[in-house]
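Here are my notes on the model, point by point. Please read them with the structure open.

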Amino acid sequence: MTVRRTTWWLALDGDKRVAITASGLVLGRGAHCDLLTTDPAASRDQAIVVAGAGRPSLIVLGRGRTRVGGEDVEHERELAAGDVVEVPGLRATVVVEDEPA
């Protein structure tokens, strides 16, 4: 039996990918954010994407519009491979890779 390790990523336009970790990726305008937008419609801390036991989740932190797959997210949503996460000025696609452990 082969054990596999699953890694979840947020892929941005171009070739940039950032791994989704248990500590999370913060999206927003704040200088401390992992994924930064300059759009004034976004909050300093707009959302966080965290790795869970199975799939990652997006948690809305700010007041700006946060969407997944074209649908507004009010509080929290589990993510799947291929989901497109959008906050003002930023768009990222959820990617999953399985590798032998």
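1. Arg65 is exposed, because its relative accessibility is 51% and the cut-off for exposed is over 50% (buried is under 20%, partly exposed in between; 1.4 Å probe, protein chains only). Arg65 forms a salt bridge with Asp72, with 2.9 Å between the closest N and O atoms. A salt bridge here is a side-chain nitrogen of Lys or Arg within 4 Å of a carboxyl oxygen of Asp or Glu. Asp72 has 44% relative accessibility and therefore counts as partly exposed. Arg67 joins in: Arg65, Arg67 and Asp72 are linked in a network of salt bridges.

2. Some ground rules. This is a predicted model, in which local features need pLDDT of at least 70 and side-chain atom pairs count only at pLDDT 80 or more, while totals for chains, interfaces and linings use all residues. Residues are numbered from 1 along each chain as its sequence is written, and side-chain values use heavy atoms, with hydrogens and water left out.

3. How many salt bridges does the structure hold? The count is 6. One of them joins Glu97 and Arg17 through their side chains, at 2.8 Å from N to O. This pair links distant parts of the chain: Glu97 sits in strand β11 (residues 90-100) and Arg17 in strand β2 (residues 17-19), 80 residues apart. Strands are DSSP runs of E of at least two residues, helices are runs of H or I of at least four, and numbering starts from the N terminus. Glu97 is partly exposed at 25% relative accessible area. Arg17 is partly exposed at 35%.

4. Arg17 lies over the face of Trp9, 4.3 Å from the ring centre. The rule asks for NZ of Lys or CZ of Arg within 6 Å of the ring centre and within 35 degrees of the ring normal. Aromatic pairs, by contrast, number 0. The test there is ring centres of Phe, Tyr and Trp (its six-membered ring) within 6.5 Å, with planes under 30 degrees apart called stacked, over 60 edge-to-face and the rest tilted.

5. Another salt bridge pairs Arg77 with Glu71, the closest N and O atoms being 3.7 Å apart. Arg77 is partly exposed, at 27% relative accessible area.

6. Thr7 belongs to strand β1 (residues 4-12). Is Thr7 buried or exposed? Thr7 is buried, since its relative accessible area is 16%. Beyond its neighbours within four places in sequence, Thr7 is in contact with Val95, Val96 and Glu97. Contact means heavy atoms within 4.5 Å.

7. Now strand β5 (residues 47-50). Both of its faces are covered: Ala47 and Val49 are buried on one side, Ile48 and Val50 on the other. In a regular strand, side chains alternate between the two faces of the sheet. β5 runs antiparallel to strand β3 (residues 25-28), joined by 3 bridges. Leu25 stands opposite Val49 in that pairing. Pairing requires at least two DSSP bridges between the strands.

8. Strand β6 (residues 57-60) also pairs with β5, again in the antiparallel sense, over 4 bridges. Val50 has Ser57 of β6 as its bridge partner. The two strands, β5 and β6, form a hairpin with 6 residues between them.

9. Leu35 is worth a look. It is found in strand β4 (residues 35-36). Its relative accessibility is 2%, so Leu35 counts as buried. Not counting residues up to four places away in sequence, Leu35 touches Leu10, Leu12, Lys16, Val18, Val26, Leu27, Gly28 and Leu90.

10. Finally, the whole chain. It has 0 helices and 11 strands. The radius of gyration is 13 Å, close to the 13 Å that the globule rule gives for 101 residues, so the chain is as compact as a globular protein of that length. That radius is taken over C-alpha atoms, and the rule is 2.2 Å times the number of residues to the power 0.38. The C-alpha atoms fill a box of roughly 50 × 25 × 25 Å along the principal axes. Buried residues make up 42% of the 101 residues. Of the contacts with a separation of 6 or more, 35% come from residues 24 or more positions apart.
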